[in-house]
Amino acid sequence: MTILIRGAALLGKETADILIDGDTIRDIGSLTASADRVIDAHGLIALPGLVDLHAHLREPGGEGSETILSGSRAAAAGGFTTVHAMANTSPVADTAELVELVAERGRHAGYVQVRPIGAVTRNLAGEQLADIGGMAHSAAAVTVFSDDGKCVGDSLVMRRALEYVATFDGVIAQHAQDPRLAIDGVVNEGRVSSELGLRGWPRVAEESIIARDVLLAEYVGARLHICHVSTAGSVDVIRWAKKRGISVTAEVTPHHLLLTDDRALAYDPVYKVNPPLRTSEDVEELRRAVADGTIDIVATDHAPHANSTKDCTWHDASFGMVGLESALSVVQHALVDTGHIGWIDVARVLSVTPAEIGRVDGYASPLTVGCPANITLVDPARSESWSTSRLHGGSTNSPFVGFTLPGHVMSTIFRGIETVSDGTLVAPELVRNA
Amino acid sequence: MKHLISTRDFTTDTAIAILDTAIDMVDVRSRDVKKLPTLRGKTVANVFFEDSTRTRLSFEAAALALSADVTTFTTQGSSVSKGESLKDTLQTLEAMGADFIVLRHSHSGVATTVANNNWVDAHIINAGDGTHEHPTQALLDAFTIRSRLRGDDARGKDLAGISVVIVGDILHSRVARSNALLLKTLGATVTLAAPRTLLPREIEGWDATVVSTLDEAIETKPDVVMTLRVQKERMTSGFFPSESEFSALWGMNHSRLSRLPSTSIVMHPGPMNRGLEISGSVADSPQSTVTEQVANGVALRMAVLYTLMGDSR
């Protein structure tokens, strides 16, 4: 099978044709070759297939809100070709058997490469290390370890975990939330929590853990990744750590780049998320931090929840938002259209660097001859009111419904297979049999 | 207004109108026949997911005085624990014929969520939601202040020029939150006195003066000192070191009362911890409005039901 993409702007720059042969990019340039399938990409931007370092696919145990198949479809619709699946499933992904099961189901679904994240501690309890070596050496070859949803709060456990994971060239992705400081917090602590009478989640609960962990990472000489950075103070700490040469990387979610805590003022649980939405000053600083490289990547923290846990009171609602389908549009809206970054940077923060942090092969030299054919074609000029019809996962808890957002993924090509074609998600059997 | 959720919903004029209606309701309650037929054939459902005998009885008395039928649903904790959601519970109650739902819940925002999502058609009256608001308490407090300090000329008046100190656990108090908002709307000046652990953050928008101790506030000779109930578990969770220290710095006692003008009043929403936030002698003094607040509560809640009845938007 050969695919010829005609006239795409490579990383938003010069226009060229791309010839895909099998699962590999065969040629790039002004091409005269014919192909089994020709995609007219004039007006579209070609990006490398996107890589998400942080998604909750919920399977096993949470199939009522998402499955590996439905989450893979949401990912493909959003232009992703690799997704890291968080470990807080039921049972928890803390053994070789479980991560192999997740990877295998991802392969079977066929829309994206599903890379399991292993738990840091057994059952996410924060006490005993999970089977880290077993997961690293399993067929799933786990490289990223996280108790996400929970913070590795105990300093000694975190020290040991950093050291132990470093043995396998892995990285710990820390959910930075001091469990005592943020106890029962459900909204950013500040003007909004005071008005709403809701327990505040103070920014210092995030910043103090990041400060502790960068020092630990420096001390033991290990890699550290910070999940969903949400405050300007966290950016300061990470900037300081990088200047000092500490091996730390950081992510921000699309929603923290766009939404602020006053969204909570009507107690609408679609805006309940952990870490909470912060202030406009935080949003501005997070955008600048992506632009200057302090924050390395954008990761979705895609967190599907069944309607019953969102159509309820703020207190009873689950934390989390779906984000795979909307990530690229929000990044364009919040970062590209505002002049913070260009499309080459979009490729960096949504593909090259997340792949590098997760040690995923095939993404180091995007859109070059000989590399795997993972390509996303986006129409940046198409701007639409975001609705649930844009969602393809098992849940609809998107905070962006009703927003006008730019950018439409017209094609996603995963290892030479179209998972999104002419702006439409391809059916499961066609993807599987391709 | 169709619902009463927050004192934020009031303009100065709508708040004064309710206080004035409450004057009429006080008159009704002093007559031989203490009832009006306004809500005959209507049902008021008291739905209390959190125990509060006084507030429930006050709403019940108000509803009965307007000739409504009253049904009561109380449960310890929410029935979510039994697998039924709040939404299902309320829709069930409405199906049984509730025209008004008086809702008390231990979680902030529940009344807002119920009203915003149109889960039910009934009028929703927030009878206290978590640490958010308790608007009828604030209304009855404003009514009590106005009656005491404006006397027979109260009708039509706001609270301009009146200085109110709210002291104690502001952070966890729905009474303080609703009062701070409503008192400003009515033109009063508000001072908050509390340890930093019991003050919410970033409350510049409340337009209140903040002082550390009650003595600092007493020096300004306020017209009103509003004390708040202190939940004893706040001490064990480290918000202040001991009852005696709290009482020494933020308790309303005889010595502090003696430094106030004789026209000043001391309020408490009840139930009181005598000896902690308010001393027994102060609570029983002529300057205390504690029992008056309870009596005014019934008239004020009649006024609220009466007002909502006339407006379904």
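In chain B, 77% of the contacts with a separation of 6 or more are between residues 24 or more positions apart. Contact here means C-beta atoms, placed from the backbone, within 7 Å. A word on the source: this is a predicted model, where local features need pLDDT of at least 70, side-chain atom pairs count only at pLDDT 80 or more, and totals for chains, interfaces and linings use all residues. Residues are numbered from 1 along each chain as its sequence is written, and chains are lettered from A and ligands numbered from 1 in the order in which they are written.

Chain B to start. It has 12 helices and nine strands. Those are DSSP runs, numbered from the N terminus: helices are H or I with at least four residues, strands are E with at least two. The radius of gyration of chain B is 19 Å, close to the 20 Å from the globule rule for 313 residues, so chain B is as compact as a globular protein of that length. That radius is taken over C-alpha atoms, and the rule is 2.2 Å times the number of residues to the power 0.38. Along the principal axes, the C-alpha atoms of chain B fill a box of roughly 55 × 45 × 35 Å.

How much of chain B is buried? Buried residues are 46% of its 313 residues. The cut-off for buried is 20 or more other C-beta atoms within 10 Å of the residue's own; exposed is 12 or fewer, partly exposed is in between, and C-beta atoms are placed from the backbone.

Now the domains. Chain B is assigned domain 1 (7-134 + 294-309) and domain 2 (135-290). The bounds come from an automatic or database domain assignment. Between the centres of domain 1 and domain 2 of chain B, over C-alpha atoms, the distance is 25 Å. Their contact uses 27 residues from domain 1 of chain B and 25 residues from domain 2 of chain B. On the domain 1 side, α1 (12-30), β4 (123-129) and α12 (290-309) of chain B each supply at least two residues. The largest share, eight residues, is from α1(B). By class, that side has 11 nonpolar, 10 polar and six charged residues. Nonpolar covers Ala, Val, Leu, Ile, Met, Phe, Trp, Tyr, Cys and Pro; charged covers Asp, Glu, Lys and Arg; the others, Gly among them, are polar.

One residue to look at in β4(B) is N126(B). Is N126(B) buried or exposed? It counts as buried because it has 28 C-beta neighbours inside 10 Å. Beyond four places in sequence, N126(B) touches L4(B), I5(B), L103(B), A111(B), E133(B) and P135(B).

Over to chain A, and its contact with chain B. That contact takes 15 residues from chain A and 22 residues from chain B. On the chain A side, helix α5 (residues 191-196) gives the most, three residues. The chain A side divides into six nonpolar, six polar and three charged residues.

Next, the cores. A nonpolar core is a set of buried Ala, Val, Leu, Ile, Met, Phe, Trp, Tyr and Cys residues joined through C-beta atoms within 7 Å. The largest has 146 residues, and A8(A), A46(A) and V331(A) touch the most other members. It draws at least three residues from each of domain 1 (2-45 + 371-381 + 404-433) and domain 2 (49-357) of chain A. A second, separate core of 90 residues includes I5(B), L214(B), V266(B) and V298(B). Back in chain A, the contacts of A46(A) beyond four places in sequence include A8(A), I18(A) and L377(A).

V331(A) sits in a covered helix. All 10 of the 10 residues in α9 (residues 327-336) of chain A are buried, V331(A) among them. The elements covering α9(A) include β6 (50-55), α8 (280-292) and α10 (343-357) of chain A.

Last, strands. Pairing needs at least two DSSP bridges. Five strands of chain A make an open sheet, β9-β10-β13-β14-β15, with parallel pairing. Its edges are β9 (144-145) and β15 (297-298) of chain A, each pairing on one side only. Within it, three bridges join β10 (residues 171-174) to β13 (residues 224-226) of chain A, and Q174(A) partners I226(A).

Elsewhere, β2 (residues 15-21) and β3 (residues 24-29) of chain A pair antiparallel over five bridges. I20(A) stands opposite I25(A). The hairpin has two residues between its strands, and G22(A) takes a positive phi near 65 degrees.

Technical notes:
Two residues are in contact if their C-beta atoms, placed from the backbone, lie within 7 Å.
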